[in-house]
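Hi there,

Here is the structure I promised to pass on to you. Have a look through it first, and then read on for my notes.

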Amino acid sequence: MSGRPQVIVMGGGLAGIAACERLSRTPSRSFDILLLEGRPHLGGRVGSYYDPDIGREIDTGQHLFLSCYTGTLTLLEALGTRSGLVFYDRLYLPLWDRERGLHPLDIPGSDNPVALAGGLLQYEGLPFLSRLAFLALSRAVPKNDNDVDHLSAYEFLLRAGQREEVIERFWELVILSATNLPSRRVSAAILVRILKESLLRGGRHSRPGYNAVPLSELFALPAMSLFKKRGVTVRTKTRIVGFSESQGRVTGVTTAQEALPLGRSDHLLSALPPWAFEKIVPLSLHQTPLVDQMSRLSYASPILSVNLLFSEPVRLPLITGFHQSAVHWIFNREAMDQRLTPEIRPWFDWSVQVEDDFYPTRVASATVSGADDLLALPDSELGALCLAHIKKIDPTTPASVKSVRAVRDRFATPVLGPGQSTLRPEARTSLPNLWIAGDTTDTGLPATMEGAIRSGYRAAELILKALGER
Ligand SMILES: Cc1cc2nc3c(=O)[nH]c(=O)nc-3n(C[C@H](O)[C@H](O)[C@H](O)COP(=O)(O)OP(=O)(O)OC[C@H]3O[C@@H](n4cnc5c(N)ncnc54)[C@H](O)[C@@H]3O)c2cc1C
C-alpha cells in the first residue's frame, strides 16, 4: 500500500478499460489504480480466441462499428490500435429482401441531408412509394429522446408514418442489429438516439466499420500493455464476491482470494453488468433504488455468432444484411483481413451489378441478434441455416462447409425496453465513493461498445473531479 488514495475498478470490459485509460492519463496523478477482472484476460464481451477447427483467431462475436463511435475512436487512439479498424467511405450495405432480392443501401458519406434523402429513396429493396415514408421520419423525432421512452420503437415508427411493410422490410433489421431486440421490445428513445447520432446527421456519421485484426488485439492486449506503462495494477483471474458498505460509504471489496479495505479517500467503480453487480451487493444496500434498478435490468438478450470454414472459396459481399430472416448478417472474413471496402462508383454507372461487390472467401461469420429461438440448435444445423442464407444471394455457392463453430452468448446485452430511461443508473450513486459504468448505465445509447466506453470515460471524469484532479 502506497498510502495514496486508490481507485478500484471492478470489471475489465470496455467500460472498465476506458475508465482506467482516462484515470491513468495524467502521469503526475496522486492516486493508485487497481483493475480487478474475473477472467484470465481483459475485454469482457469483446474478445477473440484461436479456433483450431476454423484454423484462425475468431471473435467471440462479430462486432460492427460505426463512424459516429467517437468514444471508441478516442480509446483506440490511446491504445495505439486505431489502424485496426477499417471504415467504409459511405454507408453501403447490400440487403436481401424476400420479394426483391439483393439491393444495396447506398448513402454518400457526407453531411448533406439531400444526399441522405437521395440515398434512402434509391434503395430498391422496397417499392418506391413505400420508400417515401422515410422522408416523414425526421419530422417525428422529438427533441428530447425520453419523450418517447414510454413507447416501443415499433409504436413510434407507426406514429412517424412508417407503414407496417416499411417496418418489417427495413427498420426491423436496423433495430435488431443496433439494439439486439425486436422493434416491439425496445424503447423508442433508444431508436431516436441511434437516429440522432448516426443517420439523421448524414451518411458521414453512419459509415460501417469493422475490425481487420482480432478483437483481443484491438482492445484487451494493448490495454494490458498501456496499463503496465502507466502504472495501473491489473489483477486478472480475480473474481469479486462482494463489497461492503458502512455509514453511507463503500469500505471494502472482497475477492475470491482476499479482502481489500477502502479508506475514506478511496473510490470504487463498478464496471460490471447488472447481472454480475446484483450478486455482489451487500445486504445493507438491497432496499436501495440502485439495486432495484440493477436487478430490473438484469435480463439479457442473446446473440448467436456462427463461423463457417468452406472447403473451397465462396463469393460474398463484405457485409450482407437479411431482412425477415433467421440469420441477420453475414460477414466475409477474408475480405476483411485484406481490409477491403466497397468500391466507389459514379452513381450514373448503370452497368454495375450487385455481384460485382462479391469477393472470394473460405471463412464467413454470421450473426443472429435476439437469438432466443436458435440457441439450442446444434452447430451442424446452424451451419446449414447459414449456408441456405448464402445461397439466397448466390445460388451457385457450393455446399462445402468444412467446419462450423457457433458462439452462443446468452448474456449478450441488457433488455432496454420502454421505460428504460428511469431504470438505467447514472455514474454517480447515493454513496459518495461508489460509481457505476457499463453499457447498461444511463448513456441514452443502446448497449454497445460505444455506450460502454462513453460510460467508462464519464465515470472516470467524475472520479477525477471527486479526487480534486480536475
Ligand atoms: C456477440 C456480441 C456481439 C455484439 N456486437 C456488437 C456490435 O456489433 N457493436 C457494438 O457496438 N456492440 C456490440 N455488442 C455489445 C458490446 O460488446 C457490449 O455492449 C460491451 O462490450 C459491454 O462492455 P461492458 O464493459 O459494459 O461489459 P462487459 O464486457 O460485460 O465487461 C464486464 C467485465 O466484468 C467482468 N466480471 C463480471 N463479473 C465479475 C466478478 N464477479 N468479478 C470480476 N470480474 C467480473 C467480466 O468478466 C467482464 O470482463 C455485442 C455483444 C456481444 C456479446
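Predicted model: local features only at pLDDT ≥ 70, side-chain atom pairs only at ≥ 80, totals over all residues.

**Helices H1 and H10**

Two packed helices are described by the angle between their axes and the distance between the axes. Let me begin with helix H1, which covers residues 14-23, and helix H10, which covers residues 220-230. Their axes come within 11 Å and cross at roughly 30 degrees. Angles under 35 degrees count as roughly parallel, and H1 and H10 are therefore roughly parallel to each other. The crossing of these two helices is left-handed. On the H1 side the contact involves Ile17, Cys20 and Glu21, and they meet Ala223, Leu226, Phe227 and Arg230 of H10. Sorted by class, the contact between H1 and H10 contains five nonpolar residues, no polar ones and two charged ones.

**Helices H7 and H8**

Next come helix H7 (residues 164-179) and helix H8 (residues 188-197), which pack at an angle of about 95 degrees with their axes 11 Å apart. Angles of 65 to 115 degrees count as roughly perpendicular, so H7 and H8 are roughly perpendicular to each other. H7 brings Trp171, Ile175, Ala178 and Thr179 to the contact, while H8 brings Ile190, Leu191, Ile194 and Leu195. The class count for H7 with H8 is seven nonpolar, one polar and no charged residues.

**Helices H2 and H15**

H2 passes H15 in a left-handed crossing. From H2, the residues in contact are Thr70, Gly71, Thr72, Thr74 and Leu75, and their partners in H15 are Met449, Glu450, Ile453, Arg454 and Tyr457. By class, H2 and H15 meet through four nonpolar, four polar and two charged residues.

**The cavity**

How many cavities of 30 Å³ or more does a search of the whole structure find? The search turns up one. The volume of the largest cavity is about 40 Å³. In terms of class, eight of the lining residues are nonpolar, none is polar and one is charged.

**Gly101**

Finally, a single residue. Gly101 sits in strand S8, which covers residues 101-107. Leaving aside residues up to four places away in sequence, Gly101 touches Leu95 and Trp96. Its C-alpha atom is separated by 8.1 Å from that of Lys392, although Gly101 and Lys392 are 291 residues apart along the chain.

Note on methods. Residues numbered from 1 in each chain as written. Heavy atoms only, no water. Left-handed = near helix turned anticlockwise from the far one by under 90°. Helix = DSSP H or I, 4+ residues; strand = E, 2+ residues; numbered from the N terminus. Contact = heavy atoms within 4.5 Å. Nonpolar A, V, L, I, M, F, W, Y, C, P; charged D, E, K, R; others polar. 1 Å grid on protein atoms, 1.4 Å probe; cavity = no way out; pocket = protein on both sides within 12 Å on 5 of 7 lines; lining within 4 Å. Points joined across faces, edges and corners; volume = space filled by probe spheres on them. Axes fitted to C-alpha atoms, helices over the stretch in contact; angles between N-to-C directions. Parallel < 35°, antiparallel > 145°, perpendicular 65-115°, else oblique.
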